[in-house]
Amino acid sequence: MALINVAAREIHCKIVYYGIGYCGKTTNLQYVHRQIPGNSKGELISIATETERTLFFDFLPLDLGAVHGFRTRFHLYTVPGQVLYERTRVAVLNGADGIVFVVDSQRDRLEENFQSIIELETNMRYLGKDLGNFPFVIQWNKRDMSGALPVTTLDRYLNRRRVPAFEAVAVEGTGVFPTLRTISKSVMSHL
């Protein structure tokens, strides 16, 4: 839930990037962090294991200026994608105002992506939220990989809600900002 500090005239919103391990969640945040001017962002905090996977979350406070006289800040998080960190994913999801589901488009990752979105729906119900009435977008990442499935196939299996979806190659920045812009607008419209 967004935090609104009337005295300070600030709105703080939390966006969570969710998906399987190595799908590109952290890469999205790293690209955003590199492209945003220094006075509009905070420090990118990343906790990784020896294998370079995100262990807990990345946090990127992003100042998008004033909206109706309130300074708006977006806090971007990622969840760890490894199966054993399900409880951590629930903890990071708690208080989210919007979700970006990042999909690894490769054929051999389809089943994992499917299980992850089912888990996301379950976790949202556990938190008392309905993903159908929640700011939610999908990013089809790794479109540059030779084993990438057609978007129509990904859409059929993973986008049952027909939410906005964006093709991306996050490592190059393709699709990163259109995804962020759309989820940010959706979050603001739900305040």
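Buried means under 20% relative accessible area, exposed over 50%, partly exposed in between (1.4 Å probe, protein chains only). The model is predicted: local features need pLDDT of at least 70, side-chain atom pairs count only at pLDDT 80 or more, and totals for chains, interfaces and linings use all residues. Residues are numbered from 1 along each chain as its sequence is written, and side-chain values use heavy atoms, with hydrogens and water left out.

**Exercise 1. Find the buried face of helix α4 and say what covers it.**

Solution. 
- Step 1. Locate the helix. Helices (H or I, at least four residues) and strands (E, at least two) are DSSP runs, numbered from the N terminus. Helix α4 spans residues 151–158.
- Step 2. Pick out its buried residues: T153, L154 and L158.
- Step 3. Look down the axis of α4. The buried residues fall within an arc of 100°, so they line one face of the helix. The arc is that of the directions from the helix axis to the C-beta atoms.
- Step 4. Turn to the face directed away from the buried side. Exposed T152 and R156 sit there.
- Step 5. Name the cover. It includes β6 (98–104), α3 (110–126) and β7 (136–141), where contact means heavy atoms within 4.5 Å.

**Exercise 2. Describe the burial and pairing of strand β5.**

Solution. 
- Step 1. Strand β5 covers residues 70–78, and eight of its nine residues are buried.
- Step 2. Its pairing with β2 (residues 10–18) is parallel, over eight bridges. Two strands pair if DSSP finds at least two bridges between them.

**Exercise 3. Characterise the largest cavity.**

Solution. 
- Step 1. On a 1 Å grid over the protein atoms alone, a cavity is a set of points where a 1.4 Å probe fits but cannot get out; lining residues have an atom within 4 Å of a point.
- Step 2. Count and size. There is one cavity of 30 Å³ or more, and the largest cavity holds about 30 Å³ of space. Grid points are joined across faces, edges and corners, and a volume is the space filled by probe spheres set on the points.
- Step 3. List the lining: I117, E121, F136, I138, L158, N159, R160 and R161. The elements giving two or more residues to this lining are α3 and β7.
- Step 4. Sort by class. The lining has four nonpolar, one polar and three charged residues. Ala, Val, Leu, Ile, Met, Phe, Trp, Tyr, Cys and Pro count as nonpolar, Asp, Glu, Lys and Arg as charged, and the others, Gly among them, as polar.

Methods: 1 Å grid on protein atoms, 1.4 Å probe; cavity = no way out; pocket = protein on both sides within 12 Å on 5 of 7 lines; lining within 4 Å.
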